[in-house]
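Work through these exercises with the model open beside you. Try each task before you read its solution.

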Amino acid sequence: MSNNQNKNKFIRLLNYSGNYKYLTILGGILSALSAISLLIPFIYIWDVVNALLMVAPDFAKAQNLGTYAFNAFIFAVLGIALNFCGLMCTHLSAFKNERNMKDAALNHLLKLPLGYFSTHTSGGLRKVIDYSTAKTETFLAHQMFDLVGAIVTPIAFLILLFSFDWLLGLICLIPIILCFVFMYPMFSAESQNIMVQYQMYLEKMNAEAVEYVRGIPVTKAFQQSVYSFKNFIDAIRNYGKFSANYSLSTQLPMTAFTVSINGFFALLIPAGILLVGGLADVKFLADFMFYIIFTPVCAVMMNRIMTVSQDWMLASYALEGIEEILNEKPLAESSNPQKPKSHSIEFEGVYFDYEKSDNDEHILNDINLRINENDSVALVGPSGGGKTTIASLIPRFWDVDEGSIKVGEVNVRDISTRELMENISFVFQNTTLFKDSIYNNVAIGRKGASREDVLKALSLAQCDDIIDELPDGIDTVIGTEGTYLSGGQQQRIALARAILKDAPIIILDEATALADPENEYMIQKAISEITKDKTVIMIAHRLSTVKNVDRIYVIDKGRVVEEGNHDSLVEADGLYSRMWDEFNQSIQWKVKSEVA
C-alpha cells in the first residue's frame with residue numbers, strides 16, 4: 001500500500017458511509033461545541049467562588065450567585081444535549097458505514113474465482129468481515145466523536161489555564177507535557193506494528209481453538225490429552241509469550257503516564273502554598289480553587305486521547321482486513337463473451353501452479369485430454385496427483401498458467417462466468433448444506449423451481465426415505481431441534497440440487513467417499529440419474545465406481561501417465577493395473593479372530 005493511501009486511510013474509511021459521512025462531520029462539530037459547553041460551567045463555578053471569597057465571612061452579601069449557578073446549569077445541559085445529538089449523527093453514519101463495508105466485501109467475494117475460497121476458509125472470511133466492520137463501527141460511532149472532543153478540549157483547556165493565573169497555568173502544564181512524552185512511545189510506528197502482530201497471534205489462537213473444539217470427539221475416543229493438539233498449544237504459548245513481552249515493554253511508559261496524569265495536585269498544592277505565602281490574596285485563592293476543581297478534567301481528557309489512539313490502530317488494522325479482500329482481483333471477463341458450441345471439454349498443453357514459482361515441476365504439467373460431449377470419463381491416480389485441480393480448472397476456479405481449456409470449442413476465458421456456471425454442476429466430497437429447509441437447499445439449484453420440481457429431484461436422488469423420516473418433510477430445517485443428516489444423506493440432498501439444476505456438464509469429486517454401504521448404493525443410483533445424456537467427469541479412489549466409464553485418465557504427479565478404458569488399462573500392466581489389483585485385495589480383507 002502506498003504512502004498516499006496510508007495518509008488517506010481515515011478518508012477511505014469514512015467514504016464507506018457514502019453521503020452519511022456528512023453526519024460524521026456534523027457529529028464532530030457537535031462534539032467540539034459540546035466539549036466547549038461543558039468547560040464553561042467551570043468559569044461560572046470560579047465566579048461563585050470568587051464572589052463568596054470577596055465577602056467572606058459574610059457570605060450572605062455575595063452577589064449574582066443565582067445567575068452564575070443558572071448559567072452553569074444551562075451550559076451543562078446544552079453540552080449534554082449537543083453530546084447526545086452528535087452521538088446520534090455519528091451512530092447513524094457508523095451503522096451505514098458498517099453495512100456498506102459488509103456489502104462491498106460480500107459483493108466482491110461473489111466476483112472472485114471459487115479457488116479463492118479453497119485457500120480462505122468461510123470461518124476466516126466471516127471473522128474478518130464481522131470483526132473489521134464491528135471495530136470500524138465502534139470507532140466511528142464512539143471514538144471518532146471522542147477524538148474531536150479530545151482535540152478541542154486541550155485547546156480550550158490551555159486557554160483557560162492561562163486566563164486566570166499564568167504561573168499556576170504553567171505549573172499545570174508540566175504534567176500534560178509529561179503525559180504526551182510518556183504516551184508517545186506507545187503509539188509510535190513501531191508500536192502500531194506490534195499491535196498488528198498482536199492481532200495476528202490472537203487470530204491464530206482463535207483459529208486453532210476452533211479446530212481443537214471440533215476435534216474433541218477424536219481426542220476423547222483415542223484418550224489423548226490436549227497436548228495432542230500441538231498447533232493449539234503452540235498458538236496459546238506464542239500468544240502468551242508475545243502478550244507478556246508487550247505488556248512488560250509498556251510497563252514503564254504506562255506507569256509514568258499514570259503518575260503524570262494524576263500528578264497535578266502533587267505540583268499544584270505545594271506551589272499554591274508557596275505562592276500564597278502569608279498573604280490572604282482573595283483573587284489568588286479564587287484562582288487556586290479554580291485550578292483545584294478544573295485540573296481533574298485533564299485526567300479524563302488524556303485518558304480519552306490514549307483510548308482513541310488505541311482504537312484507531314485497531315480500526316486501521318480492521319480496515320486493512322476488509323481492503324485485503326477488496327484488493328483480490330476477480331478473474332478477467334471477456335469483453336466479447338461467446339457461448340459454447342457443444343458440451344465437449346479439451347485441455348491443450350495445460351500447466352498450472354497455485355503459487356507462481358520458477359520450478360520446472362508444476363502442480364499440472366502439459367495436460368492434454370479430450371472429453372467428448374455426453375461421454376463419461378474418470379480421473380484416477382494416487383492422492384495429490386492433481387485430479388481435483390484438473391476438474392477445478394474447467395469452471396475457472398483458477399486460470400491456467402500456460403495452455404488452454406475449451407468447453408464446446410470455446411476457451412473458458414472467452415465464456416462469461418454466468419454462462420460457464422450454468423453449464424456445469426458440481427458434487428464435491430465435502431457437501432455444504434445451509435441451515436435452512438430441505439426445500440430451499442435443493443431449490444437453490446435452479447431459480448424459480450416449483451415445489452413439484454424439487455420433489456421430483458429429491459425422488460430421482462433417492463431421497464424419499466430421508467424425507468419420510470423428517471418431522472416436516474421437505475420443509476424441515478436442517479440443524480434445528482436435533483434434526484441432522486449423515487454424510488451420505490447430505491450427499492444425496494446435494495445430488496438432488498444438481499439434478500434440479502440439470503446442467504449439461506457434471507463434475508463428481510469423490511461423491512461416495514464419505515458414504516456408508518447403504519448410502520453409497522443410493523448415491524450410485526442417484527448418480528445414474530444425474531449423468532444421463534451428460535458430459536461427466538468423475539474423480540474416485542474406489543475404482544469399482546469408474547469401471548464402466550467411456551475413458552479413464554490416470555493422473556500422477558501432475559501428468560497424464562495413462563489413458564484408455566478399464567480393460568485396456570488393466571491389460572497394459574501399468575499404474576492403473578497395479579491400483580486395480582490393490583483395490584481388489586482391499587475389498588477382500590476380513591477381520592479374523594484367532595484362538596490362542
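Buried means under 20% relative accessible area, exposed over 50%, and partly exposed in between (1.4 Å probe, protein chains only). This is a predicted model: local features need pLDDT of at least 70, side-chain atom pairs count only at pLDDT 80 or more, and totals for chains, interfaces and linings use all residues. Residues are numbered from 1 along each chain as its sequence is written, and side-chain values use heavy atoms, with hydrogens and water left out.

**Exercise 1. Which strands stand at the edges of the open sheet of 6 strands?**

Step 1. Write down the order: 6-7-8-3-9-10, with mixed pairing. Two strands pair if DSSP finds at least two bridges between them.

Step 2. Read the ends. Strand 6 (424–427) and strand 10 (559–564) each have a single partner strand, so one side of each lacks a neighbour in the sheet.

Step 3. Inspect one pair. Strand 7 (residues 505–509) and strand 8 (residues 535–539) run parallel and are joined by 5 bridges. Ile507 has Ile537 of strand 8 as its bridge partner.

Step 4. Helix 20 lies across strand 6 and strand 7, at about 175° to strand 6. Contact means heavy atoms within 4.5 Å. Axes are lines fitted to C-alpha atoms, for helices over the stretch in contact, and angles run from 0 to 180 degrees between N-to-C directions.

**Exercise 2. Which residues have the most contacts inside the largest nonpolar core?**

Step 1. Define the core: a set of buried Ala, Val, Leu, Ile, Met, Phe, Trp, Tyr and Cys residues joined through side-chain atoms within 4.5 Å.

Step 2. The largest has 46 residues, and Val380, Ile438, Leu458 and Leu495 have the most contacts inside it. Helix 20 (residues 487–501) gives the largest share, 6 residues.

Step 3. Look around Val380. Among the residues it touches are Leu543, Ile552 and Met579.

Key: Helices (H or I, at least four residues) and strands (E, at least two) are DSSP runs, numbered from the N terminus. Lists of a residue's contacts leave out its neighbours within four places in sequence.
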